[in-house]
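Q: I'd like a close look at one part of this structure, with the contacts around it walked through step by step. Could you take me through it in one go?

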Amino acid sequence: MSLSEITSVIWDLDGTLLYTLDDLKNSVNYALKSYGYPERTLEEIRKSVGNGIKNLVLLSIPNGAENPDFEKVFSLFQEHYKEHNLDSTRPYEGVQEVIKELSSRGIKQAIVSNKVDYAVKLLKDEFFEVDFAIGAQDNLERKPAPDMVLKAMEAINADKNKTVYIGDSEVDLKTAKNTGLPCVSVLWGFRTEEELMPFNPQIKVFKPEDILNVLL
């Protein structure tokens, strides 16, 4: 498939379209501090995101799932994040313009994220004019499983042979591979180029407008 022939785009959210680290860090640390645990740095949070909020808290609390306070800390994190997920979260400069340009060309777009579904839909409505958005749900396997991507593709009537996936992490590269889609890896997000290299990224872009050069 030539990327110039694509008719649908599947976007990752955190680290690809949105900078969300500060709000995630603040909610994690609020929950940890409330139960007497040490707070995490922004760099520690950066390295822990990508596999959903439960995994983020598992990696942040001492002893992970073995910690008897885990469920309480996770619940408090969710309460806090639900109220504060727009405090500092913002689109990366240029991504909204890229989405609008793709839409003007008739390209269908969906957001697929391991973030909890209600937050994905809220953030989509707040920032992005795309056709569909889906986050983590109990009845679907999270990325890197293909389930959510396939559901999004069905919702926007995407042709698998003319669809591309865009994300920032190794989870996204694995997701695209598991779904049978080419992947564009963005290098402004939560993983560095060096961190992605072991996962063999084929197409890399350094700023949002580069996506238009690749796809159009």
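Are Tyr19 and Phe190 buried or exposed? And what surrounds them?

A: Happy to take a look with you. Please keep in mind that this is a predicted model. Tyr19 is buried, and Phe190 is buried as well. For Tyr19 the relative accessibility is 15%, and it counts as buried because the cut-off is under 20%.

Let's begin with the rings. The structure holds 5 aromatic pairs. One of them joins Tyr19 and Tyr92 edge-to-face, with 6.4 Å centre to centre and 85 degrees between the planes. That pair links distant parts of the chain, 73 residues apart: Tyr19 sits in strand E2 (residues 18-19), while Tyr92 is in the loop between strand E3 (90-91) and helix H5 (95-104). Tyr92, at 14% relative accessibility, counts as buried too. Tyr19 also pairs with Phe190, again edge-to-face, at 6.4 Å centre to centre and 80 degrees between the planes. Phe190 lies in the loop between strand E7 (183-186) and helix H9 (193-196) and Tyr19 in strand E2, so this pair ties together parts that are 171 residues apart in sequence. Taken together, ring pairs link Tyr19, Tyr92 and Phe190 into a cluster.

Leaving aside residues up to four places away in sequence, Arg46 touches Phe190 along with Leu21, Arg191, Thr192 and Glu195. Arg46 has 12% relative accessibility and counts as buried. Its side chain makes a polar contact of 2.9 Å with the side chain of Glu195.

H4 has 15 residues and reaches 21 Å from its first C-alpha to its last, close to the 21 Å expected at 1.5 Å a residue. Its buried residues are Phe70, Val73, Phe74, Leu76, Phe77, His80 and Tyr81. They cover an arc of only 165 degrees around the axis, which puts them on the same side of H4. The exposed residues Glu79, Lys82 and Glu83 are carried on the face of H4 turned away from its buried side. The buried residues of H4 pack against helix H1 (21-34), helix H3 (53-60) and strand E4 (108-116).

The largest nonpolar core has 49 residues, and the members that touch the most others are Val9, Trp11, Phe77, Ile111, Phe128 and Ile211. H4 supplies the largest share of this core, 6 residues. A second, separate core has 18 residues, among them Ala110, Ala152, Leu181 and Cys183.

One last stop is strand E6, where Thr163 is found. Thr163 counts as buried, at 0% relative accessibility, and a polar atom of its side chain lies 2.7 Å from the backbone oxygen of Asp159. Lys162, in the loop between helix H7 (147-155) and strand E6 (163-167), is partly exposed, with a relative accessible area of 36%.

Conventions
Residues are numbered from 1 along each chain as its sequence is written. This is a predicted model: local features need pLDDT of at least 70, side-chain atom pairs count only at pLDDT 80 or more; totals for chains, interfaces and linings use all residues. Side-chain values use heavy atoms; hydrogens and water are left out. Helices (H or I, at least four residues) and strands (E, at least two) are DSSP runs, numbered from the N terminus. The expected span of a helix is 1.5 Å times one less than its number of residues. Buried means under 20% relative accessible area, exposed over 50%, partly exposed in between (1.4 Å probe, protein chains only). The arc is that of the directions from the helix axis to the C-beta atoms. Contact means heavy atoms within 4.5 Å. A polar contact is a pair of N or O atoms within 3.5 Å; within protein, one must be able to donate a hydrogen and the other to accept it, and residues adjacent in sequence count only if both atoms are side-chain atoms. A nonpolar core is a set of buried Ala, Val, Leu, Ile, Met, Phe, Trp, Tyr and Cys residues joined through side-chain atoms within 4.5 Å. Rings of Phe, Tyr and Trp (its six-membered ring) pair if their centres lie within 6.5 Å; planes under 30 degrees apart count as stacked, over 60 as edge-to-face and the rest as tilted.
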